[in-house]
Amino acid sequence: MPAFCRFCRDSFPLVLIMAAIYQAAYRRAALFCRSHSTYVKKMRYLNKLKEDDSLCRQAQTSGTFYLFHNLSPFLRKVEEKYLIPQLSAAEMKRILEKFKETEQWIEKSVLIGCSDEHVPHFALDLGALERSVIEAELKGSFTDLRKALFVVDEDSSSLLASAQALLRWHDSHQYCSKTGQPTQKNVAGSKRVCHASGITYYPQMSPVVIILVSDGSRCLLARQPSFPQGMYTALSGFCDIGEAVEETARREVAEEVGLEVESLWYSASQHWPFPSSCLMIACHALVRGQQLEISMNSLELEEARWFGLEEVMEGLKREPKSAKQDNGNFLPWFPPKQAIAHQLINEWVKQQTS
């Protein structure tokens, strides 16, 4: 057999392996492109709805609606799970007819997203209608948002938080801060306009830095008087005008516990609706080894202390109900997994155990 043919015969399995690798890579790339294309189309569709009142008004006739009552979301318990019902436009019309209200009520809704199939999602607050009648009709209940966020899944909690924040913003921005004249929202609720002054107002979030402080082997957690009993969390504070995230983190740690940050690194971010619409910017901070004594600001904190790894791991397992002891005191417990503080604490544990 010629040398060339022997080479082809010997290398044939390798050729098949390489071809399989290339095919797999191509399939992954194609899948990514399709996913990316779906995302781009979805975002552009949402942008059109925000800018085109006629298109958005038409979308309200085929969209789904999440209900609120005085900013409390509507939930329905199915077995042991809490779900957020999505009402069709026809169901919304039926509910409004029951109260002898017109379909124009639907224009009070705000756009909060859409599905991959371009079914738009809206949030609508029915606070002016009888709460008990709606609950009986739809077989569910309006629940305080703080409670709702911790009984629904992670995706649903994010949707509820952003929907309530947008509804709250519209409720508190009905008049122009310059002229005092009423402002009008566009159909999607992405802005409000004062026609007297020509000023356009857009929903905004306040940046808040949340910092998990560590000395290398312990982490620092604190609580405010308003917290549920036994709950500790990371330090946090609003950014002052003109401050960078790093400056806010260093200032807050110095102000609240009297420690100086030596190094700082970013973890993640999260929208959080309390006390109003906030962007939580989560960071880890390492403080100077020679200066570890806590000097707590009692005007802001009720308690602040160092926690060791074992105590933190036990606190992560503990639920609020199981934190209460027979003597009436509470063992430490931490924010649930939906809160970004929980993620910071989990990351610290992984760093310590790796």
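Tutor: We will go through a helix pair by question and answer.
This is a predicted model, where local features need pLDDT of at least 70, side-chain atom pairs count only at pLDDT 80 or more, and totals for chains, interfaces and linings use all residues. Residues are numbered from 1 along each chain as its sequence is written, and side-chain values use heavy atoms, with hydrogens and water left out.

Student: How are α3 and α4 oriented to each other: parallel, antiparallel, perpendicular or oblique?

Tutor: Helices here are DSSP runs (H or I, at least four residues), numbered from the N terminus. The axes of α3 (residues 89–98) and α4 (residues 131–138) cross at roughly 135°. Angles under 35 degrees count as roughly parallel, over 145 as roughly antiparallel, 65 to 115 as roughly perpendicular, and the rest as oblique. The pair is therefore oblique.

Student: Which residues of α4 make the contact with α3?

Tutor: Contact means heavy atoms within 4.5 Å. On the α3 side, R94, I95 and K98 take part. On the α4 side, the residues are V133, E137 and L138.

Student: Within what arc do the buried residues of α3 fall?

Tutor: Buried means under 20% relative accessible area (1.4 Å probe, protein chains only). In α3, that holds for A89, M92, I95 and L96. The arc is taken from the directions from the helix axis to the C-beta atoms. These buried residues line one face of the helix, because they fall within an arc of 120°.

Student: Which residue just after α3 has a positive phi?

Tutor: Look just past the end of α3. The phi there is about 60°, and the residue is K100.

Conventions
Axes fitted to C-alpha atoms, helices over the stretch in contact; angles between N-to-C directions. Helix = DSSP H or I, 4+ residues; strand = E, 2+ residues; numbered from the N terminus. Buried < 20%, exposed > 50% of the residue type's maximum accessible area, 1.4 Å probe, protein only.
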